[in-house]
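This report describes selected side chains of one protein model and the contacts that they make. The sequence and structure are shown first.

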Amino acid sequence: MLSNLPTLGVGLGFREPFKSDLFLHRQQVDFLEIVAEHYLDATSQKQQELELLAAHFPIIPHAINLSLGSAEGLDTDYLRKLAALINQLNPPWWSEHICFTKAGGVDIGHLSPLPYTYEALEVLCRNIAQVRRFVDVPLILENITYMVTLPGAQMTEAQFLTEVVERSDCGLLLDVTNIYTNAVNHNYDIQAFVKELPWERVVQLHFVGGHWHDGILIDSHSQSTPVEVWKLMDEVVAKMPVKGVVLERDENLPTFAELTAELQHAREIGRSHQRWD
């Protein structure tokens, strides 16, 4: 099924400050990714914004607070709102993270890593099965960054990602910046990590740059994409059937010309491997 998904090309994570520039340069952006939570309880103004974006670009909803890894299960009210948004947009796929953001009914405010255990795997797959009862649009799952490695792992991170997407029949949203960030902070071999992944399930990539703080690389979405991430993207696009890439810039927003220069760089990588025009 994943091989039948359309190729979208080079996309941008939509952020309201550059809305005007986006429409002035819309030929340079193939599709948009929106943060789903920005439109779940949309004001009339946000609803109009969403309709305007959807009238001009393919839209991919990217959720951040479904908390697929919560052992207590999912918030069904939240899930119904998310399902309504996805059904409204009817995208080729949508995405969430392999993590938890809620515990004991409390929203903890950030993406938290899961232990790489079979128990966590069962929880994820059970919650994804529940999501499927509300949304039949293909779901792709994103790897996150983490500051600490949780004890008790029964498999590597790459093995855990592989088990999740294969058991749940999902695609992968491979964040190449997150791979690079984790490899730097936890001193692991990027090539060995990539080699363990199920290449045929990679649908989309994320990329951006972070910043250094006290010797730790922070996934802040605040800098231009570093050369190491461009190199990793080139290697991944060459090997895997990537349908689209998205630049995710949130902080320290540069001029729109700098964003489109990065999109052009990504476009050239895809063209060099015949992934998109």
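**Basis of the report**

Is R201 buried or exposed? At 13% relative accessibility, R201 counts as buried (buried means under 20% relative accessible area, exposed over 50%, partly exposed in between, with a 1.4 Å probe and protein chains only).

The model is predicted: local features need pLDDT of at least 70, side-chain atom pairs count only at pLDDT 80 or more, and totals for chains, interfaces and linings use all residues. Residues are numbered from 1 along each chain as its sequence is written, and side-chain values use heavy atoms, with hydrogens and water left out.

**Salt bridges**

The count of salt bridges is 10 (a side-chain nitrogen of Lys or Arg within 4 Å of a carboxyl oxygen of Asp or Glu). One of them joins the side chains of R201 and D169, at 3.2 Å from N to O. This pair links distant parts of the chain, 32 residues apart: R201 is in the loop between helix 7 (190-196) and strand 9 (202-207), and D169 is in the loop between helix 5 and strand 8 (171-175). Helices (H or I, at least four residues) and strands (E, at least two) are DSSP runs, numbered from the N terminus. D169 is partly exposed, with a relative accessible area of 40%.

A network of salt bridges links E16, K19, K46 and E49. Within this group, K46 meets E16 at 3.5 Å, N to O, and E49 at 2.7 Å, N to O. E49 and K46 are separated by about one helical turn because they are 3 residues apart in helix 2. Both K46, at 18% relative accessibility, and E49, at 5%, count as buried, whereas E16 is partly exposed at 43%.

**A buried glutamate without a salt bridge**

E248 is found in the loop between strand 12 (244-247) and helix 9 (256-272). E248 is buried yet has no salt bridge; the nearest side chain of opposite charge, R15, is 4.6 Å away (Lys and Arg count as positive, Asp and Glu as negative; His and the chain ends are not counted).

The side chain of E248 does make a polar contact with that of H206, at 3.3 Å (a pair of N or O atoms within 3.5 Å; within protein, one must be able to donate a hydrogen and the other to accept it, and residues adjacent in sequence count only if both atoms are side-chain atoms).

N127 lies in helix 4 (residues 118-132) and, at 1% relative accessibility, counts as buried. A polar atom of the N127 side chain lies 3.0 Å from the backbone oxygen of S70.
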